[in-house]
Amino acid sequence: MIYNEEFETLPREALEALQLKRLRQVVARVYHTVNFYKKSFDKAGVSPDDLRTLNDLQRFPFTVKQDLRDNYPFGLFAVPMSNVVRLHASSGTTGASTVVGYTKHDIEIWTELVGRCFVAAGLTKNDIIHNAYGYGLFTGGLGAHYGAEKIGASVIPMSGGNTKRQIMILQDFGPTAICCTPSYALNLAEQGRAMGVDMRALKLRVGIFGAEPWSEKMRGEIEKALNLTALNIYGLSEIMGPGVAMECSEERNGMHIYEDNFLVETIDPQTGEVLPPGTEGEIVFTTLTKEAFPLIRYRTRDIARLNLTPCRCGRTHYRLERIVGRSDDMLIIRGVNVFPSQIEAVLVGIDGLEPYYQLIVDREGTLDTLEVQVEVTEKQFAGADEIKVIQRLEKSLIKDMKDYLGITAKVKLVEPKSIQRSFGKANRVIDKRKI
Ligand code: AMP
Ligand code: ZN
């Protein structure tokens, strides 16, 4: 099913014509209403009239997170506060939080886009959605909530945390779908099992997971633990919140970006050069329909690739493949670039290991060091010959890390349940170099 057949299946040519029309409008509007854009366009020697084709956008300057911080809290708003009906702030995945605002119309569009996501996941008004994204300043909770109501589903506004209660509600209310971070889904599954609940026997059939990077292997783990179909959803508060892009249940292979609302570019994170679509690089968005907080060429720092091939579901919007990491959390270990998600892909699914891990980065002299701590399973931990088996596992992991990623890491297998569990976004990297 497609929520908005007309806009989600627009032929590319019509879609691009619509994008150009909207782009010209938004660029002109920010130039005349937001001091920051007037200054930065003037400095770059460009004006809204220069936009004749979509490619002309490449001459315009990028907007970066620091620009949002410099204009904290409301300096980039393009409408008077009397037209703003909602404020959110980013969870501060990295650094200080940034503030975003929405007009009534912005909320309507956001609501529709999250509605599109739920329909793409195969949900209808007959579903009960357990929403365990955090409610509050974080966009996840309210964003998913409005979208779920929009399609007429019954929402359980659970928010994050209070895991035992969540498990009780999952059993008693029988939701058919759940929304949360992938790491929290695993946490729920684990705690449920510990409480003696058969988490595979719940009524859940679909899980909509996002807000942090995860891997295909982790998808497998979650699907096994909760007996559901797991789908990927993407968004960021600066651009809107959840619902910028969503996987369709037909292919489950990359998230359709709602391109009638967001223009996407891929750039080289080092040079800023625009790369041909389909190349791996940093994802840059321009909002095409937002009123209160439009952003022009916003550098997300998320590294991924676009998939341009037509999709079986009939949507014409390009797909965003899994985020492999953020250009700002890329670790450079003795000259080798590596993202936490690549390390996860090596770890998850190995027999005897749990999908809970932590990366500790430090520096010895001038060299960066990486220690990977992973939990072993109860069975492994309690088994006879425990020390020998653990040593063997550690050795083979060190080898895998070298073979697959080219990095030299220390590996430390730790006791079951010793790594801190997440309630929202997992924090997997402890960087001791900054301390
Ligand atoms: P926030 O604005 O606090 O919601 O954080 C947005 C950031 O979360 C994005 O820029 C991504 O780095 C990350 N993120 C959101 N959804 C996903 C996803 N499905 N996969 C990987 N990372 C994601
Ligand atoms: Zn599709």
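## Rings, zinc and a helix

Phe41 is buried, with a relative accessible area of 0% (buried means under 20% relative accessible area, with a 1.4 Å probe and protein chains only). Before going on, note that this is a predicted model, where local features need pLDDT of at least 70, side-chain atom pairs count only at pLDDT 80 or more, and totals for chains, interfaces and linings use all residues. Residues are numbered from 1 along each chain as its sequence is written, chains are lettered from A and ligands numbered from 1 in the order written, and side-chain values use heavy atoms, leaving out hydrogens and water.

**Aromatic pairs.** Phe41 belongs to a cluster in which ring pairs link Tyr31, Phe36, Tyr37, Phe41 and Phe60. Rings of Phe, Tyr and Trp (its six-membered ring) pair if their centres lie within 6.5 Å; planes under 30 degrees apart count as stacked, over 60 as edge-to-face and the rest as tilted.

| Pair | Centre to centre | Angle between planes | Type |
|---|---|---|---|
| Phe36 and Tyr37 | 5.0 Å | 75° | edge-to-face |
| Tyr37 and Phe41 | 5.7 Å | 55° | tilted |

Tyr37 and Phe41 are four residues apart in helix α3 (residues 35-44), so about one helical turn separates them. Helices here are DSSP runs (H or I, at least four residues) and strands likewise (E, at least two), numbered from the N terminus. Tyr37 is buried too, at 1%, and so is Phe36, at 18%.

**The zinc site.** Ligand 2, a zinc ion, has Cys248 (SG), His256 (NE2), Cys311 (SG) and Cys313 (SG) as protein donors, 2.1 to 2.3 Å away. Donors are N, O and S atoms within 2.8 Å of the metal (3.2 Å for Na, K and Ca). Angles among the four donor atoms run from 100 to 116°, and the site is tetrahedral (all angles between 85 and 135 degrees). For reference, the ideal angle for four tetrahedral donors is 109.5 degrees. Along the chain the donor spacing reads C-x7-H-x54-C-x1-C. His256 in strand β9 (residues 255-257) and Cys313 in the loop between β13 (306-307) and β14 (319-320) are 57 residues apart, linking distant parts of the chain. His256 counts as buried at 1% relative accessibility, and Cys313 does at 11%.

**Charges over rings.** Arg322 puts its charged end over the ring of Trp214, 4.5 Å from the centre. Arg421 lies over the face of Tyr356, at 3.5 Å from the ring centre. The test is NZ of Lys or CZ of Arg within 6 Å of the ring centre and within 35 degrees of the ring normal.

Technical notes
Four donors count as tetrahedral if all angles lie between 85 and 135 degrees; four count as square planar and six as octahedral if opposite donors are over 155 degrees apart and all others between 65 and 115; anything else is irregular. Buried means under 20% relative accessible area, exposed over 50%, partly exposed in between (1.4 Å probe, protein chains only).
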